[in-house]
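Please examine the structure shown below before reading the dialogue.

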Amino acid sequence: MERAAAPKKIGLIGLGLMGRPMGMNLLKAGHSLTVWNRTASRADELVAAGAKLAKSPQEAAAASEFLITMVSDPPALEEVLWGPGGAMQSLQRDCIYMDSSTISPALARKIAAACAERGARFLDAPVTGGDWGAKKGELLFMIGGDAATLKEAEPILGVMGKKWFHLGPHGAGQTVKLAMNLILALQIDALAEALALVTRAGLQGEKLVEVLQSSMARSGVLDIKAPNLLKGEYVPSFPLRLMHKDLGLALDLANQLGVPLPATAAARETYSAVKGAAQEDLDYSAVMKFWKA
Ligand code: NA7
């Protein structure tokens, strides 16, 4: 997969945990970056590193031959695209617009249609890898859209990520992303349940994890998140509020398709309870708090 990218005028809307490091990597690769964020102060670090700060999403889109959005959820994305000063009205003809937020496949298709009306090209390109993947430029992109558009986007993807998958037409990237996140959510939920059982029985959670590491239950989730659960440290890498949102999106999609997802529905209740009780922003591994505050 290509990594070198000719300098481009790139717009980036949404400078949260993920957007900021993605923007930093684009600057380091020599691209000209125009950014916008609802809370302008979050752009400070990128502006100090050479990014231009737009006054609105509209201004960011007008300045860009390649536009990226990275906001929290479907309402946030609708706001930055179609709200006051929204980006859609100024998307350049022939530009590539890539949304890397996790949203519904239906919204991705609606955006693709709106882009086509303006002569712009759209990719749904949600990511996985957390903020550490974003910092290291090792995100994994799940792409829906046209293969030729993806080909053209590859040099820019290579600045922010290490791998990408073309999964089908618009919405396919989001569909696979929601399916993947429900697995991550259930894996952590299962690990938390098992730890609750073992520790209530008077055993050390570390012992369970040690055995799991040598068994078929070993996984990337276990490697990366088990230490958080054991220590009770939940600094957000992927915030629980966003995992909760994704479980809702997966259940909505399942409902539209008539597919029962009973385990996902049960897990969402656990995530809801922890989210409701949380006083601060927590990583999704904090689902452990359901059993142990
Ligand atoms: P964060 O760190 O919660 O950042 C969310 C971003 O979305 C941040 O820039 C927010 O601006 C922005 N946002 C949220 N609501 C709005 C509205 N209504 N209008 C404009 N901008 C908004 O999320 P992550 O970076 O971890 O994740 C981003 C996506 O990747 C998300 O879909 C995940 O599920 C995957 P703020 O700074 O709060 O003003």
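The dialogue that follows takes up the domains, the cores, the charged pairs and some local features.

This is a predicted model, in which local features need pLDDT of at least 70 and side-chain atom pairs count only at pLDDT 80 or more, while totals for chains, interfaces and linings use all residues. Residues are numbered from 1 along each chain as its sequence is written, and side-chain values use heavy atoms, with hydrogens and water left out.

Student: What area is buried between domain 1 and domain 2?
Tutor: The domain assignment gives domain 1 as 9-170 and domain 2 as 175-292, bounds that come from an automatic or database domain assignment. Between them, 16 residues of domain 1 are in contact (heavy atoms within 4.5 Å) with 14 residues of domain 2. Buried area is the accessible area (1.4 Å probe) that two parts lose on being put together, summed over both. Carbon and sulfur atoms give 69% of this area, which is about 1200 Å².

Student: Which three residues supply 35% of the area that domain 1 buries against domain 2?
Tutor: The centres of the two domains, taken over C-alpha atoms, are separated by 28 Å. On the side of domain 1, three residues supply more of the buried area than any other three, and they are L17, T102 and P105.

Student: How many salt bridges does the rule find across the interface of domain 1 and domain 2?
Tutor: A salt bridge is a side-chain nitrogen of Lys or Arg within 4 Å of a carboxyl oxygen of Asp or Glu. The structure holds nine salt bridges. Across the interface of domain 1 and domain 2, however, the number found is zero.

Student: Which residues have the most contacts inside the largest nonpolar core?
Tutor: Apart from neighbours within four places in sequence, Y271 is in contact with residues including A185, I188, L240, M243, L247 and V287. A second, separate core of 32 residues includes I10, L15, I96 and A125. In the largest core, the residues with the most contacts are Y271 and Y284.

Student: How far away is the nearest side chain of opposite charge to K177?
Tutor: K177 has its place in helix α8. Leaving aside neighbours within four places in sequence, K177 is in contact with T102, P126, V127, M142 and D246. Lys and Arg count as positive and Asp and Glu as negative, whereas His and the chain ends are not counted. K177 is buried yet has no salt bridge, and the nearest side chain of opposite charge, D246, lies at 4.8 Å.

Student: Is D283, which forms a salt bridge with K225, buried or exposed?
Tutor: The closest N and O atoms of D283 and K225 are 2.9 Å apart. The pair links distant parts of the chain, with D283 in the segment after α12 and K225 in helix α10, 58 residues apart. K225 has a relative accessible area of 7% and is buried. D283, at 0% relative accessible area, is likewise buried.

Student: What is the phi of D94?
Tutor: D94 lies in the loop between α4 (74-82) and β5 (96-99). With a relative accessible area of 54%, D94 is exposed. Its phi is positive although the residue is other than glycine, with a value near 75°.

Conventions
A nonpolar core is a set of buried Ala, Val, Leu, Ile, Met, Phe, Trp, Tyr and Cys residues joined through side-chain atoms within 4.5 Å. Buried means under 20% relative accessible area, exposed over 50%, partly exposed in between (1.4 Å probe, protein chains only). Helices (H or I, at least four residues) and strands (E, at least two) are DSSP runs, numbered from the N terminus.
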